[in-house]
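This briefing concerns the protein shown below.

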Amino acid sequence: IQENKDLGHIIQWIVPNSQKNRMEPILMQIEPGGTSKPDDPHDGEEFGYVISGIVFLHLGNECYRVKKGESFYFKPSLVHYISNKSSFHATIIWVSSPPSF
C-alpha cells in the first residue's frame with residue numbers, strides 16, 4: 001500500500017509486484033479534493049472502473065465525469081490524472097499498460 005497524503009490518495013496493488021508485468025492493476029482510493037499524480041504522455045493504454053463515488057478524468061485540456069459503475073479507457077497521449085471534486089471518497093480500479101505506478 002502506498003499513501004500520498006499531499007495528493008490525497010492511497011494505492012493498493014491488486015497483483016503484487018505487477019510493475020514487472022505488461023499491465024499494472026491497482027485499487028486507488030481518492031479522498032475528497034484529492035488527485036492522482038499527473039502522468040506525462042507515454043505509450044500504452046489505460047483503463048479504469050469506478051467502484052464508488054465520482055471522479056474526473058483529466059486528459060490534456062479535457063475533463064470527463066465518471067461515476068460509480070462507469071469505466072474509462074484511453075491511450076495516454078496527453079498529460080492525464082484523476083481528481084475527486086466531491087465531498088465523498090471515491091474508489092477506482094485502474095489498469096495501466098505499461099506499469100506506471
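E46 stands opposite F74 in strand 7. This bridge belongs to the antiparallel pairing of strand 4 (residues 45–52) with strand 7 (residues 71–74), which extends over four bridges. Two strands are said to pair if DSSP finds at least two bridges between them. The model is predicted: local features need pLDDT of at least 70, side-chain atom pairs count only at pLDDT 80 or more, and totals for chains, interfaces and linings use all residues. Residues are numbered from 1 along each chain as its sequence is written, and side-chain values use heavy atoms, with hydrogens and water left out.

**Overall architecture**

- The protein has nine strands and zero helices; helices (H or I, at least four residues) and strands (E, at least two) are DSSP runs, numbered from the N terminus.
- The radius of gyration of the protein is 12 Å, close to the 13 Å that the globule rule gives for 101 residues, so the protein is as compact as a globular protein of that length. The radius is taken over C-alpha atoms, and the globule rule is 2.2 Å times the number of residues to the power 0.38.
- Along the principal axes, the C-alpha atoms fill a box of roughly 35 × 30 × 25 Å.
- Of the 101 residues, 33% count as buried; buried means under 20% relative accessible area, exposed over 50%, and partly exposed in between (1.4 Å probe, protein chains only).
- The protein exposes about 6000 Å², of which carbon and sulfur atoms supply 52%. Accessible areas come from the Shrake-Rupley method with a 1.4 Å probe; for residues, only the protein chains shown count as cover.
- Among contacts between residues at least 6 apart in sequence, 64% join residues at least 24 apart; contact means heavy atoms within 4.5 Å.

- Six strands form an open sheet in the order 1-2-3-9-4-7, with antiparallel pairing.
- Strand 1 (2–4) and strand 7 stand at the edges with a single partner strand each, so one side of each is left without a neighbour in the sheet.
- Neighbouring strands of this sheet are turned by 20° against each other on average, direction ignored. Axes are lines fitted to C-alpha atoms, for helices over the stretch in contact, and angles run from 0 to 180 degrees between N-to-C directions.
- Strand 3 and strand 9 run antiparallel and are joined by seven bridges; the bridge partner of L27 in strand 9 is I93.
- Strand 4 also pairs with strand 9 (residues 90–97) in the antiparallel sense, over seven bridges, and V50 stands opposite I92 in strand 9.

- Six bridges make up the antiparallel pairing of strand 5 (residues 54–59) with strand 6, where I54 stands opposite K67.

**The nonpolar core**

- The largest nonpolar core has 15 residues, of which M28, V55, L57, F72, I82, I92 and W94 touch the most other members. Such a core is a set of buried Ala, Val, Leu, Ile, Met, Phe, Trp, Tyr and Cys residues joined through side-chain atoms within 4.5 Å.
- Strand 3 (24–30), strand 5, strand 7 and strand 9 are the elements that give two or more residues to this core.

**Selected residues** (contact lists leave out residues up to four places away in sequence)

- S36 lies in the loop between strand 3 and strand 4 and is buried, with a relative accessible area of 2%. Its contacts are L7, H9, M28, Y81, I82 and W94.
- I51, in strand 4, counts as partly exposed at 34% relative accessibility. I51 touches L27, K68, T91, I92 and I93.
- V95, in strand 9, counts as buried at 16% relative accessibility. V95 is in contact with M23, E24, P25, E45, E46 and F47. V95 and N17 are 78 residues apart in sequence and 14 Å apart in space, C-alpha to C-alpha.
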